[in-house]
Amino acid sequence: MTEGHLQTYVPLLIHMLVAMGLAGALLLASRWVGPRRPSRAKLQAYECGIPPLGDAREPFAVKFYLVAIAFILFDAETMFLFPWAYAFRDLGWFGFGAIGIFILFLAAGDIYLWKKGVFDWNR
Amino acid sequence: MLPAATDYYRLLPEILAAVFGTIVMLLEPFLRREHKAALSWLGMLGAAAALGAAVLVRSDAGPAFFHLIQADPFTFFLRLLIYATALLVMLAARAYLDRENLPHGEFYALVLLGSVGMGVMAAAAELVTVFIGLEISSLSTYILASYRREALRANESALKYFLLGSFATAFFLFGVALVYGATGTARLEQVAEGVASVLLLKLGLALVFIGLAFKVASAPFHVWTPDVYEGAPAPVTALLSTAPKAAAFAVLLRIAGTVLPATLLWFWVLWGSAALTMFVGNLAALVQSNVKRMLAYSSIAHAGYILVALAAGTEAAYAAALYYLAAYALMKLGAFTLVAHLAGRGERRLTLEDYAGLARREPVVAATLSLYLLSLLGLPLTAGFLGKFYVFVAGLRAELLGLVVLAAVNTLLGAYYYLRVILYMYFREPDPTYEHAAREPVPAGTGLVLAATAAGTLLLGIFPGHLMRIAELAAASFR
Amino acid sequence: MVEQFTFYFFAALAVISAVLVVTVRNAVYSAVFLITTLLATAGIFLQLRAEFLFVVQIILYVGGIMVLFVFVVMLVDLDVALRQVQFNRQKWVALLVVLAVAGQLVFALALGSEALGLPAAAPESLEPNTESVGLRLFESYMLPFEIASILLLVAMIGAVLLGKRQKPPRSEA
């Protein structure tokens, strides 16, 4: 086994390590450097400066969930744009047409969702 | 290396259905509530256009889209079946949706888009394409099954259907992945060159079978069927028991017909599953007092008879299976449509007691239902009889004496519960305390569907020649 | 060597977090461990040079589907769920099934790769392949790709039908 192709991903690895290292270092630093004198008021959950109200885990309304589903569906659409963007030089107008039809169908879905008021949270 | 016009031409029925389905969906939020029911015309137009396109494309058989699609006589037969079913379901559904106060537009859009998936399944000659078709068809039927949001039972059954169905699709997909791993291709013609003794291919084909067996509701993967058929709105049950089942059978037939390793591996599986399915369906149907649920178990039993033909595995047997699918679709569509009508608002009147004395109150309706039941039972002069006859003959020719005997025993078992409904309708009087529903006339759309299916059941029973020839041609596509 | 190390690292991470997903009682922690599982799987994809799958895994699963999961977790009342007794009656059946599957896996592994008919892996020869995925997807596999849009449409209709409040005045009554 050579290590050939994994070398391509070394930047990615470095990125990952830096991100994890930075997060860990910041946590540790605040622990070591900062003085800690806990009091009742300090241990309270921070809620924009007012005294905390109720439980943090209030059940969400279902209407937000709908938005989340719509998000996933369009996320999936984006996924298909990826390989197209990579290959679009070779694909030319044909590939453009193919992705166009795909997007057209989903645009119809978008209009449907819109008219149904999925994006309107007040309804 | 680009698709040409012929490619699109050979997929025209599905393209039309997709376009019409999308237009119905798109128009729905723009119409005022009182005009939404008119979308049923557009939906039916879409199904009719797809049917017309199927007939048009028939003369130009061949592969399309780099052999992912095979527009052959086999595809033609199933397209006819699927789009005709979609048309009839939409025709009958309008009155039902009005009665139950359910949204119109989405129903027609889902039926049309779902039949796109089924059409793709029937036409696909490659497993990934089959998978996408299967997924579209399943997803739209999950949604249709949960269409009555307010009904608690319907919700429970729809959730069950969704979970088990997704599980089954996952099995199928995993199977496809293994088949691909073993042979390096998902195209059926090339998979056919694989070696049957390779463990990976065996595993893959086994998983593919499990996924499809779930979709055709054959034992031991049938557990979801009674609950879902009972809980879904009756027009949806009519759809569920016909078109998606036919599409899944189409995939089974195409794989069994083209992929030799599958034919060899599946033989005993099909044999066992056929026997088990028939017994499970018929024995459980014996004790049902809810007519809708009884018909659900009868659906399971009928899948068993079709599996007998698949086990036989000859060309004549495949033709018989196709004929059976068409005949079965007619009677089940009719029966469930009628059940939908008789059940009344909220689908409350579904038990045998509700059918007592029906013949006196509504003689025509009772006679029509009797016709479907007798056909399901397999009485001569009905489509159901010839379906069974062809399957049994094909089974005997393939020297499956044991299985055919079991099927015959099952036909006798079935007689009990079909005849019991007829007995209730003609010779029982309802309890004096029974509260009768206000008599509702049969709505025009429902009436048309009933007339069409009843006529079809009789016609196929008396003059089977024409359809059988198309079925034989279709079965010959695998040669 | 590095190859082996990264594989075992990601595989162990995936398996351990997957076990934690089903054993941890708090649903929010489960969701977080699921993210770790998915990320570890993404790492394995990358090692196999399936770059496109890697991206899909991150954007769609970690980014999208996990959001959905967390939403579902937030929809239910967690405190009640925590206090409830879980469905554990099928524990032994599940164990039996798991043992059977594990036995099969061990059996298959003992047979070796020849019995499975697996072609020899050749990761070295794989070029960066998102472009070729694109070419295949838009040429020979154009059809499944286009039909996938129908699948998404059906899902949209389903979301609206099942998630959206219908006819506000009537459903209140």
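**Aromatic rings and their surroundings**

Mentor: Start with W268(B) and W271(B): the two are 3 residues apart in helix 13 (residues 260-286) of chain B, so about one helical turn separates them. Keep in mind that this is a predicted model. The rule for ring pairs gives a count of 31 aromatic pairs over all chains. In the pair made by W268(B) and W271(B), the ring centres are 5.9 Å apart and the planes meet at 50°, so this pair is classed as tilted. Two values are quoted because a pair of aromatic rings is described by the distance of the centres and the angle of the planes.

Now take another pair, Y318(B) and F478(B), which is edge-to-face, with 6.1 Å from centre to centre and 85° between the planes.

Ring pairs connect Y142(B), Y161(B), F162(B), F214(B), W224(B), Y229(B) and F336(B) as one cluster. A ring may have a charge over it too: R428(B) lies over the face of Y424(B), 4.5 Å from the ring centre.

Next, the backbone of chain B. Most residues other than glycine have a negative phi, and most peptide bonds are trans. A219(B) and P220(B) are joined by a cis peptide bond, with omega at about 0°. P220(B) sits in the loop between helix 9 (199-215) and helix 10 (224-231) of chain B.

Two other places have a positive phi. E347(B), which is not a glycine, has a phi of about 50°, and its place is the loop between helix 15 and helix 16 (352-355) of chain B. With a relative accessibility of 8%, E347(B) counts as buried. L381(B) is not a glycine either, and its phi is about 75°. The loop between helix 18 (363-377) and helix 19 (383-397) of chain B holds L381(B). Its relative accessible area is 54%, so L381(B) is exposed.

Last, where does chain B meet chain C? There, 37 residues of chain B are in contact with 29 residues of chain C. The size of an interface is often given as the accessible area lost when the parts come together. For chain B and chain C the buried area is about 3000 Å², and carbon and sulfur atoms account for 77% of it. Between chain B and chain C the count of salt bridges is 0.

Chain C also meets chain A, where 52 residues of chain A are in contact with 52 residues of chain C. About 5000 Å² is buried between chain A and chain C, with 76% given by carbon and sulfur atoms. One residue of chain A to look at is D75(A), found in helix 3 (residues 62-115) of chain A. Apart from neighbours within four places in sequence, D75(A) is in contact with I59(C), L60(C) and G64(C). D75(A) is buried but has no salt bridge, and the nearest side chain of opposite charge, K164(C), is 22 Å away.

Definitions and conventions. Residues are numbered from 1 along each chain as its sequence is written. Chains are lettered from A and ligands numbered from 1 in the order in which they are written. This is a predicted model: local features need pLDDT of at least 70, side-chain atom pairs count only at pLDDT 80 or more; totals for chains, interfaces and linings use all residues. Side-chain values use heavy atoms; hydrogens and water are left out. Helices (H or I, at least four residues) and strands (E, at least two) are DSSP runs, numbered from the N terminus. Buried means under 20% relative accessible area, exposed over 50%, partly exposed in between (1.4 Å probe, protein chains only). Lys and Arg count as positive and Asp and Glu as negative; His and the chain ends are not counted. A salt bridge is a side-chain nitrogen of Lys or Arg within 4 Å of a carboxyl oxygen of Asp or Glu. Contact means heavy atoms within 4.5 Å. Rings of Phe, Tyr and Trp (its six-membered ring) pair if their centres lie within 6.5 Å; planes under 30 degrees apart count as stacked, over 60 as edge-to-face and the rest as tilted. A charge sits over a ring if NZ of Lys or CZ of Arg is within 6 Å of the ring centre and within 35 degrees of the ring normal. Buried area is the accessible area (1.4 Å probe) that two parts lose on being put together, summed over both.
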